[in-house]
Amino acid sequence: QGMPVDDFLAAVHPDDIRRVRDSLDRAIADKDKYSEEYRLLGHDGAWHWVIARGECLYDHEGRPARFPGAIVEISELKESEEARSILLRELNHRVKNIFAVVSGLISMTARSAATPREMADALRGRLTALSAAHDLIRSAVLGEAEMAETIPLADLLKRILSPHVDRGDQLVLSGPDIMLGPNATTSLALVFHELATNAAKYGALAGEGGELRVSWECTPTEVTLDWCERSASLTGDAPTHRGFGSQLIEMSVQRQLKGVMSYDWSGEGLRVSLAAPIDQLVR
């Protein structure tokens with residue numbers, strides 16, 4: 001028997017309802033096809049992304065009579081598009097950061113190299129390691145699921161951090177063996193790369209005397225990780241601006257890993273705490 005338009009619109013997300021109503025009104029007034037994407041409240045109480053298409057039918061006097069159409073859920077598609085958008089923004093973010101990172105690598109290598117040849121060899125190795133770290137998200141960006149990596153957590157950290165480490169005692173890693181799944185590898189690569197970039201630009205890996213300690217523990221249900229930076233040059237002041245990098249970390253941890261993350265600037269440097277369900281890390 002159909003239903004009144006107002007009853008249908010009552011289940012549309014408040015942020016989408018005006019756009020949906022305006023689109024319906026235009027389709028009716030212009031006698032045009034209707035197509036719109038929006039969030040609809042499901043019987044489970046959750047919001048579901050849908051795509052709706054239809055057209056208005058009119059009576060013999062030209063008045064709107066019925067509006068038949070079809071609604072298809074596209075929640076998984078929207079989540080996939082959002083993840084791809086995040087990764088593409090991350091690539092753009094990395095391009096902007098690469099000049100500062102490479103400049104830091106040159107300065108760091110110059111401090112410890114005795115000859116130009118030694119500096120060139122060390123710098124080439126660090127740039128190769130940096131390129132390998134960037135490759136970790138390639139499979140997700142290109143949709144090559146079969147090329148996605150599985151990697152131990154310790155190896156992932158070493159791969160991300162090795163281009164930025166100048167001394168053997170500058171980086172300390174400790175924790176049990178945890179094999180990450182392809183999805184978790186991609187998400188954590190984004191998180192650790194962003195933290196490493198910031199540490200190399202402003203934090204414990206930016207100058208001499210800094211130290212980074214990363215430790216993690218595992219229970220049957222959860223993995224917790226602590227990222228602790230210590231350096232005499234660190235002020236301990238929290239940043240006043242929250243850029244895309246911070247948003248990227250938050251989206252990767254909360255949405256992809258279903259975890260939580262917190263920052264503490266009150267000590268001698270930055271401490272980051274991360275916790276995520278173990279079943280999310282093996283996916």
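Author: The largest nonpolar core holds 33 residues, and those with the most contacts inside it are Leu153, Leu161, Leu188, Phe192 and Trp227. A nonpolar core is here a set of buried Ala, Val, Leu, Ile, Met, Phe, Trp, Tyr and Cys residues joined through side-chain atoms within 4.5 Å, where buried means under 20% relative accessible area, exposed over 50% and partly exposed in between, with a 1.4 Å probe and protein chains only. Two or more residues of this core come from each of α6 (153–161), α7 (182–201), β9 (211–218), β10 (222–230), α8 (244–256) and β12 (271–277), and the largest share, 8 residues, is that of α7. These helices (H or I, at least four residues) and strands (E, at least two) are DSSP runs numbered from the N terminus.

The model is a predicted one, in which local features need pLDDT of at least 70 and side-chain atom pairs count only at pLDDT 80 or more, while totals for chains, interfaces and linings use all residues. Residues are numbered from 1 along each chain as its sequence is written, and side-chain values use heavy atoms, with hydrogens and water left out.

As background, nonpolar side chains in soluble globular proteins tend to be buried together.

Aromatic rings give another view of both regions. Rings of Phe, Tyr and Trp (its six-membered ring) pair if their centres lie within 6.5 Å, and planes under 30 degrees apart count as stacked, over 60 as edge-to-face and the rest as tilted; by this rule there are 3 aromatic pairs. One of them is formed by Phe8 and Tyr38, whose ring centres are 6.4 Å apart and whose planes stand at 90°, so the pair is edge-to-face. Because Phe8 lies in helix α1 and Tyr38 in strand β1, this pair ties together parts that are 30 residues apart in sequence, and Tyr38 itself is buried, with a relative accessible area of 0%. Phe192 and Trp227 form a stacked pair, with 6.3 Å from centre to centre and 10° between the planes; this pair links helix α7, where Phe192 sits, to strand β10, which holds Trp227, across 35 residues of the chain. Both Phe192 and Trp227 are buried.

Just after α2, Lys31 takes a positive phi of about 55°; Lys31 is found in the loop between α2 and β1 and is exposed, with a relative accessible area of 59%.

Strand β1 also contains Glu36, which counts as buried at 15% relative accessibility. The side chain of Glu36 makes a polar contact of 2.7 Å with that of Arg19 and another of 3.0 Å with that of Ser23. A polar contact is a pair of N or O atoms within 3.5 Å; within protein, one must be able to donate a hydrogen and the other to accept it, and residues adjacent in sequence count only if both atoms are side-chain atoms. Beyond its neighbours within four places in sequence, Glu36 is in contact with Arg19, Val20, Ser23, Val50, Ile51 and Ala52.

His48, in strand β2 (residues 47–54), is likewise buried, at 19% relative accessibility. Its side chain is joined to that of Glu73 by a polar contact of 2.7 Å, and, with neighbours within four places in sequence left aside, His48 is in contact with Tyr38, Arg39, Leu40, Gly42, Glu73 and Ser75.

Notes:
Contact means heavy atoms within 4.5 Å.
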